[in-house]
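Student: I would like to go through this model one point at a time. Please show me the sequence and the structure.

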Amino acid sequence: PRGGLIMAKKCKVNENCIGCGLCVGTCDAVFAFGASGTAENVLGDIPEDLVPAVEEAAANCPVQAIEVE
């Protein structure tokens, strides 16, 4: 049984991003290309149902640019 508050996770794409698009392909509900050509979190707080995809994108990022808290 669930109890208490579900804490949304936060994530950001740091300056290491090289714009490879892996995260956008993995979870386009959260990640998109910004004006600079690099990826960014366009959703804000990550809802529980998207956390696995965000964590997968972070784990597979070739330059470890995705920080998940």
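Student: Is A29 buried, partly exposed or exposed?
Tutor: This is a predicted model in which local features need pLDDT of at least 70 and side-chain atom pairs count only at pLDDT 80 or more, while totals for chains, interfaces and linings use all residues. Residues are numbered from 1 along each chain as its sequence is written, and side-chain values use heavy atoms, with hydrogens and water left out. Buried means under 20% relative accessible area, exposed over 50%, and partly exposed in between (1.4 Å probe, protein chains only). A29 has 40% relative accessibility, so A29 counts as partly exposed.

Student: Which residues does A29 touch, not counting residues up to four places away in sequence?
Tutor: A29 sits in the loop between α1 and β2 (31-33); helices (H or I, at least four residues) and strands (E, at least two) are DSSP runs, numbered from the N terminus. Contact means heavy atoms within 4.5 Å. With residues up to four places away in sequence not counted, A29 touches V42, L43 and L50.

Student: How far apart are the C-alpha atoms of A29 and N41?
Tutor: A29 and N41 are twelve residues apart along the chain. The separation of their C-alpha atoms is 9.0 Å.

Student: With which side chain does the side chain of N14 make a polar contact?
Tutor: N14 lies in the loop between β1 and α1 and is buried, with a relative accessible area of 12%. A polar contact is a pair of N or O atoms within 3.5 Å; within protein, one must be able to donate a hydrogen and the other to accept it, and residues adjacent in sequence count only if both atoms are side-chain atoms. At 2.8 Å, the partner of the N14 side chain is the side chain of E67.
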